[in-house]
Amino acid sequence: MKQRPHNAGEKKDDPPNAVPDGGAFSASRRNAILLTGVSFALLSTPRWMRQASAQTQASTPAASASPPQNPANQQQTNFLALSALLTGTQKLNPRTGTRIYAALSTQAIEFEKQAAALWQYALDHQIKDVDNLAAAVGSDSALSLVLHRIISAWYLGVVGDDGVTGGAKVVSFESALMFDQVRDAVVVPTYCRAAPGYWVTQPAVLKAGG
């Protein structure tokens, strides 16, 4: 029997039991095994770890960006700078400053606005001492009043008086600036120097050695 001649353009069918190329089979098998391993690793990872990773990735862009400045913090910073100018003291207690600012803001509705205006005036006119600032704003009763209230609060440790809304409020005692004037010679009257009633005892007299 004669065989039909083979046509070069005709596609030759693979035998039914033909085995795929060994290289292609090995590559497919490796990919399947690798995919299975990755899936198993993801499923076996604790839930809390996956959540932490997701939160870290989500927060990375926000952390890299500079956080916006809090207006309240800026007000506190400006108030401390203004207080340093008015009192001539650079090392003021920030906690005391926060209490003074809050108390003055409560007793006077316009205090925050006026304190900001007073600080801006000092900046615009480059005033760096309290005497010049007080003279410059002397004709402005509102700014002049704010200036004196701030100084009084820092030196007395008391905000307001019985004649204002809310009455007088103690914001500081031991750190009141009035004690700094005599701190080297007089003890701040907060605790006794010795046992109760020590002041009735005659102090020891020092005698020069002969």
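The model is a predicted one, so to speak of a local feature takes a pLDDT of at least 70 and side-chain atom pairs count only at pLDDT 80 or more, while totals for chains, interfaces and linings use all residues. Residues are numbered from 1 along each chain as its sequence is written, and side-chain values use heavy atoms, with hydrogens and water left out.

On to the overall layout. The chain has 7 helices and 2 strands, where helices (H or I, at least four residues) and strands (E, at least two) are DSSP runs numbered from the N terminus. Read along the sequence, that gives the pattern α-α-α-α-α-α-α-β-β. Of the 210 residues in the chain, 20% are buried; buried means under 20% relative accessible area, exposed means over 50%, and partly exposed is in between (1.4 Å probe, protein chains only). As for contacts (heavy atoms within 4.5 Å), 47% of those between residues at least 6 apart in sequence join residues at least 24 apart.

Helix 3 turns up in two packing pairs. The axes of helix 3 (residues 71-87) and helix 7 (residues 141-156) come within 10 Å and cross at roughly 85°, which means helix 3 is roughly perpendicular to helix 7. Axes here are lines fitted to C-alpha atoms, for helices over the stretch in contact, and angles run from 0 to 180 degrees between N-to-C directions. Angles under 35 degrees count as roughly parallel, over 145 as roughly antiparallel, 65 to 115 as roughly perpendicular and the rest as oblique. On the helix 3 side, the residues that meet helix 7 include Phe79, Leu82 and Leu86, and their partners in helix 7 include Leu147, Ile151 and Tyr155.

Helix 3 also packs against helix 4 (residues 94-107), at an angle of about 105° and with the axes 10 Å apart, so this pair is roughly perpendicular too. Gln75, Gln76, Phe79 and Leu80 in helix 3 meet Pro94, Gly97, Thr98, Ile100 and Tyr101 in helix 4.

Ser83, in helix 3, counts as buried because its relative accessibility is 0%. Leaving out residues up to four places away in sequence, Ser83 touches Gly88, Leu92, Ile150 and Trp154. Over in helix 7 sits Val146, buried at 2% relative accessibility. Beyond its neighbours within four places in sequence, Val146 is in contact with Phe111, Gln114, Ala115 and Leu118. The C-alpha atoms of Val146 and Ala115 are 6.6 Å apart, although 31 residues separate the two along the chain.

The loop between helix 5 (111-124) and helix 6 (130-136) holds Gln126, a residue other than glycine with a positive phi, near 55°. Gln126 is exposed, at a relative accessible area of 66%. Asp129 lies in that loop between helix 5 and helix 6 and is partly exposed, at 31%. Asp129 and Thr87 are 42 residues apart in sequence, yet 8.8 Å apart from C-alpha to C-alpha.

Finally, Trp199 lies in the segment after strand 2 (169-170) and counts as exposed at 59% relative accessibility.
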